[in-house]
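This report examines the fold of a single protein chain. The sequence and the three-dimensional structure are shown first.

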Amino acid sequence: MTVTPVKDLIAVLGFVDPSGGKTRAQALKKTRARSAIVVVGMDALERVFVLHAWAQRCSTTALLTEIFAVAERLHPRPFAIEANAMQSLFVDCAAYIAKTFGRQTLNITPYHQPSGIEKDFRNRTAIQPVLAQGRLFLREDQRELRSELLVHPRSPVKDLVDALGSCCALLPRIAGARGSRNAEADGLAAYLRETGVAPHEIERRVQDLLAQTR
């Protein structure tokens with residue numbers, strides 16, 4: 001693929017999922033959920049490049065170390081951290097440590113995932129338009145993220161896809177037909193959720209709308 005230098009990207013942002021709990025499948029298997037970090041960059045052509053993809057079952061200290069290392073190397077703005085429920089404590093901890101040790105350039109932003117939306121559906125609606133339009137680029141060594149994408153949502157492991165989906169949701173809107181259509185799709189999905197439409201029907205109607213710009 002064509003490599004775009006970081007300096008040529010119009011946006012670089014990251015997302016951290018600090019693994020606040022277990023899914024039902026993980027609980028049954030008695031395995032601990034992984035923490036995940038994904039950083040993406042977007043250029044003027046709206047191509048989305050995955051600059052960093054990392055997931056591990058690790059200690060809080062190890063996760064913080066990885067966050068700070070990634071921030072110094074790639075400077076994502078914002079560097080969003082999921083703050084739902086107990087994960088908000090981790091966000092406060094990371095922000096406090098960054099301030100205490102003079103890491104003011106670390107732009108930590110708490111991010112609350114919308115409630116009442118099934119996670120797999122949320123990921124598909126965020127990632128699918130980028131994939132379908134051929135705008136998502138992975139490095140050859142990002143095999144784990146690639147494998148999660150290929151089998152999503154059937155894979156029991158989807159930490160990297162979750163973080164990537166949140167990154168895609170945070171990407172700035174570009175003016176024009178595609179940006180307008182994405183905004184229209186977001187509005188349609190919100191309306192259908194409020195009126196009690198089933199998730200699979202919401203997904204079908206949103207994808208029909210997005211397909212009109214492909």
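**Overall fold**

The structure is a predicted model. Its secondary structure comprises eight helices and six strands. Read from the N terminus, the elements follow the order β-α-β-β-α-β-α-β-α-β-α-α-α-α. The protein has 214 residues, of which 45% are buried. Of the contacts between residues at least 6 apart in sequence, 68% join residues at least 24 apart.

The six strands form an open sheet in the order 5-4-1-2-3-6, and the pairing is mixed. Strand 5 and strand 6 are the edge strands, each pairing on one side only.

Strand 4 (79-82) pairs with strand 1 (residues 11-17) in the parallel sense, over three bridges. Strand 4 also pairs with strand 5 (residues 108-111), again in the parallel sense, over four bridges. Individual bridge partners can be named on both sides. Phenylalanine 15 has alanine 80 of strand 4 as its bridge partner. Toward strand 5, isoleucine 81 has proline 110 as its bridge partner, and glutamate 82 stands opposite tyrosine 111.

Is strand 4 covered on one face or on both? Both faces are covered: Phe79 and Ile81 on one side, and Ala80 and Glu82 on the other, are all buried.

**Helix 5 and its packing**

Helix 5 (residues 143-151) packs against helix 6 (residues 159-170) at an angle of about 85 degrees, with the two axes 8 Å apart. Helix 5 is therefore roughly perpendicular to helix 6. On the side of helix 5, the contact is made by Glu144, Leu145, Glu148 and Leu149; helix 6 contributes Asp159, Leu160, Val161 and Leu164. By class, the residues of this contact divide into five nonpolar, no polar and three charged.

The buried residues of helix 5 are Leu145, Glu148 and Leu149. Seen down the helix axis, these buried residues fall within an arc of 100 degrees, so they line one face of helix 5.

| Residue | Relative accessibility |
|---|---|
| Aspartate 120 | 13% |
| Glutamine 207 | 15% |
| Glutamate 46 | 16% |

Aspartate 120 belongs to helix 4. Because its relative accessibility is 13%, aspartate 120 counts as buried. Apart from its neighbours within four places in sequence, aspartate 120 is in contact with His152, Pro153 and Lys158.

Glutamine 207 is located in helix 8 (residues 199-211), and at 15% relative accessibility it counts as buried. Glutamine 207 and proline 129 are separated by 78 residues in sequence, yet their C-alpha atoms are 8.3 Å apart in space.

Glutamate 46 lies in the loop between strand 2 (35-42) and strand 3. With a relative accessible area of 16%, glutamate 46 is buried.

**Backbone features in the loops**

Histidine 75 is another non-glycine residue with a positive phi, near 55 degrees. Histidine 75 lies in the loop between helix 2 and strand 4.

Which residue does a cis peptide bond join to arginine 77? The residue is proline 78, and omega is about 5 degrees. Proline 78 is placed in the loop between helix 2 (60-74) and strand 4.

Definitions and conventions. Residues are numbered from 1 along each chain as its sequence is written. This is a predicted model: local features need pLDDT of at least 70, side-chain atom pairs count only at pLDDT 80 or more; totals for chains, interfaces and linings use all residues. Side-chain values use heavy atoms; hydrogens and water are left out. Axes are lines fitted to C-alpha atoms, for helices over the stretch in contact, and angles run from 0 to 180 degrees between N-to-C directions. Helices (H or I, at least four residues) and strands (E, at least two) are DSSP runs, numbered from the N terminus. Angles under 35 degrees count as roughly parallel, over 145 as roughly antiparallel, 65 to 115 as roughly perpendicular and the rest as oblique. Contact means heavy atoms within 4.5 Å. Ala, Val, Leu, Ile, Met, Phe, Trp, Tyr, Cys and Pro count as nonpolar, Asp, Glu, Lys and Arg as charged, and the others, Gly among them, as polar. Buried means under 20% relative accessible area, exposed over 50%, partly exposed in between (1.4 Å probe, protein chains only). The arc is that of the directions from the helix axis to the C-beta atoms. Two strands pair if DSSP finds at least two bridges between them.
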